[in-house]
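Below are some notes on the model you sent. They are in numbered points, to be read alongside the sequence and the coordinates.

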Amino acid sequence: MGTRSVTAALCISLFFTGGAAFCYARAEGLQAEGRWLMARGSAQASDFAQKLDGTSVDAQLKTFKERRGVMEQAHRWQRGMLLGIMAAVLSALSAYVLFLLKRLDDQLLDATGELRRPQEASSLPAPAFTPSVQR
């Protein structure tokens with residue numbers, strides 16, 4: 001329960017933080033693509049409203065299907081990001097608890113060391129009585 005465990009917990013926390021940041025970047029990129037596909041689908045809808053052509057409807061449905069797939073992937077990455085954040089917080093919290101346990105252990109060692117010192121002094125022979133001479 002020494003400093004190695006605290007260091008390991010902090011490294012794990014940093015690892016999960018990096019993973020959460022990576023997941024955020026991926027999810028943000030996919031959401032931008034989803035917004036672009038939504039704008040494209042809306043443009044195809046306005047094109048259909050002007051022309052009343054069936055090919056515009058098919059293209060619009062295909063675009064919305066692509067957008068749905070992209071948004072599902074974005075939601076998966078968002079879930080990974082949330083799991084990474086939770087794991088990072090829990091590992092940071094465990095690092096803090098391990099740090100507190102190490103401090104407590106050190107304090108207990110110091111306290112038991114102080115208790116042993118008076119016992120060691122009592123096991124030594126008492127000093128000889130030397131009467132003081134008064135004049």
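**Notes on the predicted model**

1. Trp 77 has a relative accessible area of 26%, so this residue counts as partly exposed. The model is a predicted one, and the values in these notes are computed from it.

2. Trp 77 takes part in an aromatic pair. A search of the whole structure finds two such pairs. In one of them, the ring centres of Phe 22 and Trp 77 are 5.6 Å apart and the planes stand at 80°, so the pair is edge-to-face. The angle qualifies because planes over 60 degrees apart count as edge-to-face. Phe 22 belongs to helix 1 (residues 3-51) and Trp 77 to helix 2, so the pair ties together parts that are 55 residues apart in sequence.

3. On the overall make-up: the protein chain has two helices and zero strands. Helix 1 covers residues 3-51, and helix 2 covers residues 54-123. Of the 135 residues in the protein chain, 18% are buried. The chain exposes about 10,500 Å², and carbon and sulfur atoms supply 64% of that area.

4. How much of the contact count comes from residues 24 or more positions apart? Among contacts in the protein chain with a separation of 6 or more, such residues account for 81%. Ile 12 sits in helix 1 and is partly exposed, at 42% relative accessibility.

5. Ala 59 lies in helix 2 and counts as partly exposed, with 29% relative accessibility. Is Gln 60 buried or exposed? Its relative accessible area is 15%, so Gln 60 is buried, because the limit for buried is under 20%. Apart from neighbours within four places in sequence, Gln 60 is in contact with Gly 41, Gln 44 and Ala 45.

6. The structure holds three salt bridges. One of them joins the side chains of Arg 35 and Glu 28, at 3.6 Å from N to O. Arg 35 is partly exposed, with 49% relative accessibility, and Glu 28 is partly exposed as well, with 32%.

7. Another salt bridge links Glu 72 and Arg 68, whose closest N and O atoms are 3.2 Å apart. Both residues lie in helix 2, four residues apart, about one turn of the helix. Glu 72 is partly exposed at 35% relative accessibility, whereas Arg 68 is exposed at 58%.

8. A further salt bridge is formed by Asp 106 and Lys 102, with 3.1 Å between the closest N and O atoms. Because Asp 106 and Lys 102 are four residues apart in helix 2, about one helical turn separates them. Asp 106 has a relative accessible area of 31% and is partly exposed. Lys 102, at 22%, is partly exposed too.

9. Which residues make the nonpolar surface patch of about 820 Å²? They are Leu 90, Leu 93, Tyr 96, Val 97, Phe 99, Leu 100, Leu 101, Leu 104 and Leu 108. Leu 90 is located in helix 2. With a relative accessible area of 57%, Leu 90 is exposed.

10. UniProt, in an unreviewed entry, lists residues 81-101 as "transmembrane region". In the model this span is 100% helix and 0% strand, and its end C-alpha atoms lie 30 Å apart. The annotation comes from the UniProt record, and such annotations may be inferred rather than shown by experiment.

Note on methods. Residues are numbered from 1 along each chain as its sequence is written. This is a predicted model: local features need pLDDT of at least 70, side-chain atom pairs count only at pLDDT 80 or more; totals for chains, interfaces and linings use all residues. Side-chain values use heavy atoms; hydrogens and water are left out. Patches are made of residues with over 30% relative accessible area and no salt bridge: like charges are joined within 9 Å, nonpolar side chains (Val, Leu, Ile, Met, Phe, Trp, Tyr) within 5 Å. Accessible areas come from the Shrake-Rupley method with a 1.4 Å probe; for residues, only the protein chains shown count as cover. A salt bridge is a side-chain nitrogen of Lys or Arg within 4 Å of a carboxyl oxygen of Asp or Glu. Buried means under 20% relative accessible area, exposed over 50%, partly exposed in between (1.4 Å probe, protein chains only). Rings of Phe, Tyr and Trp (its six-membered ring) pair if their centres lie within 6.5 Å; planes under 30 degrees apart count as stacked, over 60 as edge-to-face and the rest as tilted. Contact means heavy atoms within 4.5 Å.
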